[in-house]
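Good morning, and thank you for the time at today's meeting.

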Amino acid sequence: LEQIDDLDAALGHPSRDPHGDPIPNAAGVLRQSSDEEGQAVALTDWEVGKRGQIVHLEDEPPVAYAQLVAEGLNVGQWVDLLERTNERLTLTDGRQEMRIAPAIAANVYLRKLEEAEGVQENLVSLSSLPARAAAKIVRLDERCQGFSRRRFLDLGLTPGTQIFPELENPFGEPRGYRVRGTLIALRNDQAEMILVEPEDVS
């Protein structure tokens, strides 16, 4: 049990695996989660034009799960369903559009925006924050787990902390951010995992 606890701590005490399935603790008890499986809706039944958060990716059959991963879908991601036809569903995460056959889309489950605990529509990723624009860290993306999550917390990237881009890189990344009086460098894929609320400094 001690080894299981140590491994759990090293991974950042995740409550769910990458597929969205709950992970029991060392005693075999499932942890409480902020989202209820009963509230999850299959993407094939999702309302066009509505935003939702992916809470589960069914991993059977493996070929369907592999296609979902290849499309860039993952648990914790926010998506908008743009179109549904008999041949495909078109959705976007704000950066790219994804087209998925209905048989594959049936393996994706989402929860509604109003059912997501602590959701704020004006959140943006730190990577998209303009230079010298102050923001407040709201939370880390649910995809950020294990060593990366613990590393961010060790750097002081905790909810409520003010942060802003200070040094631009002519090559694009890494980018320098000022947080708690210290300058830290983050790659774009790292900064994407940090959700912030821009502050009005006018």
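In helix H2, residues 62-70, the buried residues are Ala64, Tyr65 and Leu68. Buried here means under 20% relative accessible area and exposed means over 50%, with partly exposed in between, using a 1.4 Å probe and protein chains only. Helices (H or I, at least four residues) and strands (E, at least two) are DSSP runs, numbered from the N terminus. On the face turned away from the buried side, H2 carries the exposed residues Pro62, Val63 and Ala70.

A word on the source of all this. This is a predicted model, in which local features need pLDDT of at least 70 and side-chain atom pairs count only at pLDDT 80 or more, while totals for chains, interfaces and linings use all residues. Residues are numbered from 1 along each chain as its sequence is written, and side-chain values use heavy atoms, with hydrogens and water left out.

What do the buried residues of H2 pack against? Their partners are strand S2 (51-57), strand S5 (97-100), helix H3 (102-105) and strand S6 (108-112). Contact, in this talk, means heavy atoms within 4.5 Å. After H2 comes Gly72, with a positive phi near 95°.

Let us turn to the nonpolar cores. A nonpolar core is a set of buried Ala, Val, Leu, Ile, Met, Phe, Trp, Tyr and Cys residues joined through side-chain atoms within 4.5 Å. The largest one has 19 residues, and Leu43, Leu73, Leu91 and Val108 are those with the most contacts inside it. Two or more residues of this core come from each of S2, H2, strand S3 (78-84), strand S4 (89-92), S5, H3 and S6. H2 gives the largest share, three residues. Another core, of 16 residues, lies apart from it and includes Tyr177, Ala191, Ile194 and Val196.

Please find Leu73 next. This residue lies in the loop between H2 and S3. Is Leu73 buried or exposed? Leu73 counts as buried because its relative accessibility is 3%. Not counting residues up to four places away in sequence, Leu73 touches Ile54, Leu57, Leu68, Val79, Leu91, Met98, Ile100 and Val108. As for Ile54, the C-alpha atoms of Leu73 and Ile54 are 8.3 Å apart in space, and the two residues are 19 residues apart in sequence.

I come now to the sheets. Strands of a sheet pair through backbone hydrogen bonds, either parallel or antiparallel.

A hairpin of four residues connects S3 to S4. Between S4 and S5, also antiparallel, there are four bridges, and Leu89 has Ile100 in S5 as its bridge partner.

Strand S2 also holds Gln53, which is buried because its relative accessible area is 1%. The side chains of Gln53 and Arg111 are joined by a polar contact of 2.4 Å. A polar contact is a pair of N or O atoms within 3.5 Å; within protein, one must be able to donate a hydrogen and the other to accept it, and residues adjacent in sequence count only if both atoms are side-chain atoms.

A further open sheet of six strands has the order S7-S12-S8-S9-S10-S11, with antiparallel pairing. Its edge strands, each pairing on one side only, are strand S7 (124-125) and strand S11 (182-186). Strand S8 (residues 135-140) and strand S12 (residues 194-198) pair over five bridges, and Ala135 stands opposite Pro198 in S12.

Finally, the protein as a whole. Its secondary structure comes to five helices and twelve strands, and buried residues make up 35% of its 202 residues.

Note on methods. Two strands pair if DSSP finds at least two bridges between them.
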